[in-house]
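Hi,

Here is the structure I promised to pass on.

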Amino acid sequence: MPTTASEVKTFSNFIDGKWVPASSGNTCENRNPADTRDLVGIFQRSGAAEVNQAVEAAQAAFKKWSHVPAPRRAEIIMRASAILERQKETFSQDMTREMGKVIKETRGDTQEAIDCGNFFAGEGRRMYGLTTPSELPNKFAMCTRNPVGVVGMICPWNFPMAIPSWKLFPALVAGNTCVIKPAEDTPLSVYNFVSALTEAGVPAGVVNIVTGHGAEVGSPLMEHPLVRAISFTGSSDVGRIIGESCARTFKRCSLELGGKNPMIVLDDANLELALEGALWGAFGTAGQRCTATSRIVLQKGIYKKFVDELVRRAKLLKIGNGLDESVDVGPVVSKAQLDTVLGYVEVGKKDGARLATGGNRVEDSEHTHGFFIEPTVFTDVAPKMRIAQEEIFGPVVSCIPCDSLEDGIEIANDVKYGLSSSLYTRDVNRAFAAIRDLEAGITYINAPTIGAEVHLPFGGVKQTGNGHREGGVGAFDFYTEWKAVYVDYSDRLQKAQIDRPE
Ligand code: UN1
């Protein structure tokens with residue numbers, strides 16, 4: 001339903017526990033991509049001044065927050081998770097409204113944040129350091145994990161609550177303070193998430209939100225001298241800029257970037273299972289996951305049967321407003337995304353791939369106000385074609401034939417990315433060979449490339465990132481600094497490396 005301007009709420013930045021409008025007086029609209037007449041909210045178009053205020057608030061809050069015992073901080077996180085659970089339906093509906101993915105998936109997104117909170121709340125009573133023997137007598141050696149300081153977080157729109165939760169929960173349990181920049185398309189979900197944190201008792205200044213455009217908010221955040229670390233999820237092109245900037249100012253920097261995730265299906269696979277997985281992996285979230293199945297590499301014996309059936313089923317998927325429970329595929333997030341995806345369809349056609357189904361914007365009377373694209377399958381795709389090499393981030397999948405597992409793995413690995421990967425086979429030997437040889441941070445056997453769980457490491461190799469992982473205890477490798485501690489109780493000067501028994 002279209003919303004009239006008078007019903008629309010204006011959100012200010014959230015800085016030091018207060019609502020602070022942008023000093024420029026400029027704002028950005030948040031519109032529903034399923035029906036752009038529906039104005040979801042108005043958000044501040046902030047700049048360096050607001051970033052500065054937020055970072056200073058986070059810096060001022062750091063000492064006190066970092067001294068709160070981790071188990072106490074974790075109790076707050078546990079309460080926040082419970083609040084998210086209580087608000088799950090409302091927050092999920094808000095999320096579908098602001099970015100389009102279907103309601104069962106936004107419920108999954110909110111659930112992922114709840115799971116993440118529960119996991120990291122438990123870590124408040126672990127966050128293990130280590131002890132180790134000293135080489136000297138009567139000397140104790142241990143390592144503790146200390147917070148890093150003020151962390152800047154730059155978030156994507158495709159998992160508007162789950163991904164901020166991967167960043168905020170471990171950062172907070174570890175004792176950091178944060179400035180978060182939501183994606184321009186999905187600020188409401190970050191407000192909803194932070195409202196749960198605030199209600200749960202996170203003190204003023206510990207989490208601050210500054211909304212606006214990447215160049216205007218992200219850049220001053222990554223360049224700010226008081227920010228000690230930047231966590232970014234988004235495109236490889238932007239990741240490169242952030243990585244370079246952070247290198248210049250010696251900030252830690254975690255980059256979760258693109259993917260071109262392959263699903264390999266061998267002749268011996270359970271085809272029904274693989275088909276279901278392919279449809280879910282390729283068209284779930286309208287293909288807008290960095291883990292989306294964007295290449296299906298099929299062994300020749302099942303190639304034709306598989307693609308025929310995939311095409312038949314892709315045509316049956318219901319496209320529409322994600323708030324309708326019967327819809328399978330929602331809109332893409334924005335006009336810009338729509339243009340990018342349709343541009344890739346043209347590239348695929350021009351490069352000689354066969355467009356087996358889809359490829360068009362859906363613009364009948366029911367869909368005319370939204371950014372809907374038909375689920376699209378290209379067949380007879382050559383591995384080096386652009387549609388098989390570049391991240392499209394839309395409901396477009398490329399089917400590529402292969403001769404064998406070895407050939408399939410070679411095709412799978414022959415891209416610049418390495419996030420997720422999948423193999424369908426009933427042969428355990430081949431499964432383990434693929435687990436070893438697929439160049440990716442995540443490998444699924446007999447499941448599609450999407451569906452990571454929060455207590456396992458999430459991230460990729462090659463140009464998918466810079467070696468960090470979100471999720472799981474490994475997240476603390478980013479959100480804490482190791483401190484090596486030596487306690488000498490010998491009452492004499494002992495010289496390491498020099499005092500050695502004769
Ligand atoms: C992303 O695609 O940006 O594994 C994150 C998954 C989700 C997270 C995806 N749990 O598909």
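**Domains and ligand site**

The protein chain splits into domain 1 (5–128 + 147–255 + 465–479) and domain 2 (261–445). Keep in mind that this is a predicted model. The C-alpha centres of the two domains are 30 Å apart, and where they meet, 21 residues of domain 1 are in contact with 26 residues of domain 2.

Now to the ligand. Both domain 1 and domain 2 give residues to the shell around the ligand, so the ligand lies between them.

Which residues surround the ligand? They are Glu-112, Asn-158, Phe-159, Ile-163, Trp-166, Arg-289, Cys-290, Thr-291, Ile-450, Gly-451, Ala-452 and Phe-458. By type, the shell residues divide into seven nonpolar, three polar and two charged.

- Cys-290: a polar backbone atom is 2.7 Å from an oxygen atom of the ligand.
- Thr-291: here a polar side-chain atom lies 2.9 Å from an oxygen atom of the ligand.
- Gly-451: a polar backbone atom is 3.0 Å from an oxygen atom of the ligand.

How much of the ligand does the protein bury? Taken alone, the ligand exposes 320 Å², and the protein buries 98% of that.

Cheers

Conventions. Residues are numbered from 1 along each chain as its sequence is written. This is a predicted model: local features need pLDDT of at least 70, side-chain atom pairs count only at pLDDT 80 or more; totals for chains, interfaces and linings use all residues. Side-chain values use heavy atoms; hydrogens and water are left out. A residue is near a molecule or strand if one of its heavy atoms lies within 4 Å of it. A polar contact is a pair of N or O atoms within 3.5 Å; within protein, one must be able to donate a hydrogen and the other to accept it, and residues adjacent in sequence count only if both atoms are side-chain atoms. Accessible areas come from the Shrake-Rupley method with a 1.4 Å probe; for residues, only the protein chains shown count as cover. Ala, Val, Leu, Ile, Met, Phe, Trp, Tyr, Cys and Pro count as nonpolar, Asp, Glu, Lys and Arg as charged, and the others, Gly among them, as polar. Domain bounds come from an automatic or database domain assignment. Contact means heavy atoms within 4.5 Å.
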